[in-house]
2 protein chains.
Amino acid sequence: FEWGEALDLKRVEEKLSSGDYKAFTVEHVDTSTGIANPVDKVGELAKDTDALYIVDSVCGVGGMPLKMDEWNIDFCLTGSQKAVGAPPGISMFCLNEKAWNVVESRKTPVADYYANLKRWKPIMDNPRGYFATPAVGMVLGMTEALRIIHEEGLEARWRRHEVLSDAFRAGLGALGLEQFPAEGSEAHTLSVPKIPESVSDSDMRGLMRIKYGVIIAGGLGKLGGKTVRVGHMGNATSNDIVATMSALEMSLMELGYEMEPGAGVGAAEEVLVTLRVEA
Amino acid sequence: FEWGEALDLKRVEEKLSSGDYKAFTVEHVDTSTGIANPVDKVGELAKDTDALYIVDSVCGVGGMPLKMDEWNIDFCLTGSQKAVGAPPGISMFCLNEKAWNVVESRKTPVADYYANLKRWKPIMDNPRGYFATPAVGMVLGMTEALRIIHEEGLEARWRRHEVLSDAFRAGLGALGLEQFPAEGSEAHTLSVPKIPESVSDSDMRGLMRIKYGVIIAGGLGKLGGKTVRVGHMGNATSNDIVATMSALEMSLMELGYEMEPGAGVGAAEEVLVTLRVEA
């Protein structure tokens, strides 16, 4: 599939219908391009195949809707450090009965020690057992992050991510910046705008970081120098959106890019006011 | 080798002299039995073999002398959570040129992704590069632990572990408790005393934990219920030794074990006073 485009459902359908696959993987959110793939619609296609439907939702879980059972996802993976909002260091996964049967019945043994799910099974069944010394501090941090998610409510959290994302994109549009991801396929957890040709990527990010204390990431691979990646996930607030947009505006201004000061922030505000907060 | 005995140097020498081995591993400190193996003396034997000498020093590094180069150790592994004194969650290793050449020249590819040292190499060469999101908080904690070690001085740290260990064993002796590890092979990072036959393991450890807030570990495998494991490693102080010994005494006393109150602490004190501290 092309960079900046979501996956093509027709091609996935064609491939799956051949019955030649044991498993297929879909990336929920791609952090290079800012694309979110239609994991729900792929789930429709997954219904009638024996292949395992594996979803990498490292940058999705906690920020965008993901419904394992409803979408026929057999194995889903994520990390602690993205939209879940915990410190980096924990990988998480969830698998269903179908996926577990595959684990149980594989003929070639798993070469790795710690990546062997069968070794983890007794501990998943009884966490008081011992397999290896866990990173206790990380697990406690993770537990607190899950408590925060529970308090906010998953649906409310998804909505917040969508509003923050819409707001940031509206701001970018008001500044005349194009988006790299195809319209309608934008992730809610990060934005990937193109940088104006007249502006140097490293100057802009340098100014934002040094002068305004806002760190955004550079483009990856062939997008390096042409796009930037702005994360707005986890426990980000409207203040983070406003501060980041403002730092971007001021840096662009200083670098001679023509724009109306405050236009981006203003456009973002019009979306941010729609955020509903429980009293 | 028998549980409770260090490895037999003669047998190791015999095996190595056959030249039939690509690698051999020695556990520096065994946390089940409290044994420390003579990794230095094995290093003498390792000098004349092509086999890789691999040392698991999870419970040794930072608490007992370990000299990779001097002792011809090719690959050494440890963890953050033992005598290094950092939170659990980081594995560390060090390898020499000989071991790296083996990594480079292996014919069968490494099946695992993260355990493949070749993938880590570019990051080890340039930590500004990207391989995977590191557990940043863990790394910072680890750095602080290494700073603490540097401040104390490695030699002083080894000496402290030896004195604390001698003190604890002296106390156990004064209470009439036998040691499980063979004399002269005791680790400095933990003690493994046998429990008097008249005393219930779980009652004793339960009392220590609930009444005096001191947690010690039970015996592992066939030693369960017969021995306990008392860690005195990392940043443990003489106060920890005294408090643990005293909790042990009071719990034994309450369980009807005949002993002179304070005898264990007293014997420990006589050793602890020899601790030299830089002014």
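A:Leu190 stands opposite A:Gly231, a residue of strand 9 of chain A. That is our way in. A:Leu190 belongs to a strand pair: strand 7 (residues 190-191) of chain A is joined to strand 9 (residues 228-231) of chain A by two bridges, and the two run antiparallel. Keep in mind that this is a predicted model.

Stay with strand 9 of chain A for a moment. Strand 8 (residues 217-218) of chain A also pairs with strand 9 of chain A, again in the antiparallel sense, over two bridges. Here A:Ala217 stands opposite A:Arg229 of strand 9.

Now step back to the whole of chain A. How many helices and strands does chain A have? Nine helices and nine strands. The C-alpha trace spans about 65 × 45 × 40 Å along its principal axes. Take the contacts in chain A with a separation of 6 or more: residues 24 or more positions apart account for 62% of them.

Next, helix 5 of chain A. This helix covers residues 136-152, which makes 17 residues. From first C-alpha to last, helix 5 reaches 25 Å, close to the expected 24 Å. Which residues of helix 5 are buried? A:Met138, A:Met142, A:Ala145 and A:Ile149. Why do they sit on the same side of helix 5 of chain A? Because they cover an arc of only 60 degrees around the axis. There is a general rule behind such spacing. An α-helix has 3.6 residues a turn, so residues three or four places apart point the same way.

What do the buried residues of helix 5 of chain A pack against? Within chain A, strand 6 (91-95) and helix 6 (154-174). From chain B, helix 5 (136-152). So much for the packing. After helix 5 of chain A comes A:Gly153, and its phi is positive, near 95 degrees.

One more helix in chain A: helix 9, residues 263-272. Its buried residues are A:Gly264, A:Val265, A:Ala267, A:Ala268, A:Val271 and A:Leu272. Down the axis of helix 9 of chain A, they fall within an arc of 165 degrees, so they line one face of the helix. They pack against helix 6 and helix 8 (238-254) of chain A.

Over to chain B, and to a sheet. Four strands of chain B form an open sheet, in the order 1-4-5-6, with mixed pairing. Which are the edge strands? Strand 1 (23-27) and strand 6 (91-95) of chain B, each pairing on one side only. Neighbouring strands in this sheet are turned against each other by 15 degrees on average, direction ignored.

Look at one pair in that sheet. Strand 5 (residues 75-79) and strand 6 of chain B run antiparallel, joined by five bridges. One partner to find on the model: B:Leu77 has B:Phe93 in strand 6 as its bridge partner.

Last, the helices across these strands. Helix 2 (residues 39-46) of chain B lies across strand 1 and strand 4 (52-56) of chain B, at about 170 degrees to strand 4. Helix 3 (residues 97-105) of chain B lies across strand 4, strand 5 and strand 6 of chain B, at about 100 degrees to strand 6.

Technical notes. Residues are numbered from 1 along each chain as its sequence is written. Chains are lettered from A and ligands numbered from 1 in the order in which they are written. This is a predicted model: local features need pLDDT of at least 70, side-chain atom pairs count only at pLDDT 80 or more; totals for chains, interfaces and linings use all residues. Side-chain values use heavy atoms; hydrogens and water are left out. The expected span of a helix is 1.5 Å times one less than its number of residues. Buried means under 20% relative accessible area, exposed over 50%, partly exposed in between (1.4 Å probe, protein chains only). The arc is that of the directions from the helix axis to the C-beta atoms. Contact means heavy atoms within 4.5 Å. Two strands pair if DSSP finds at least two bridges between them. Axes are lines fitted to C-alpha atoms, for helices over the stretch in contact, and angles run from 0 to 180 degrees between N-to-C directions.
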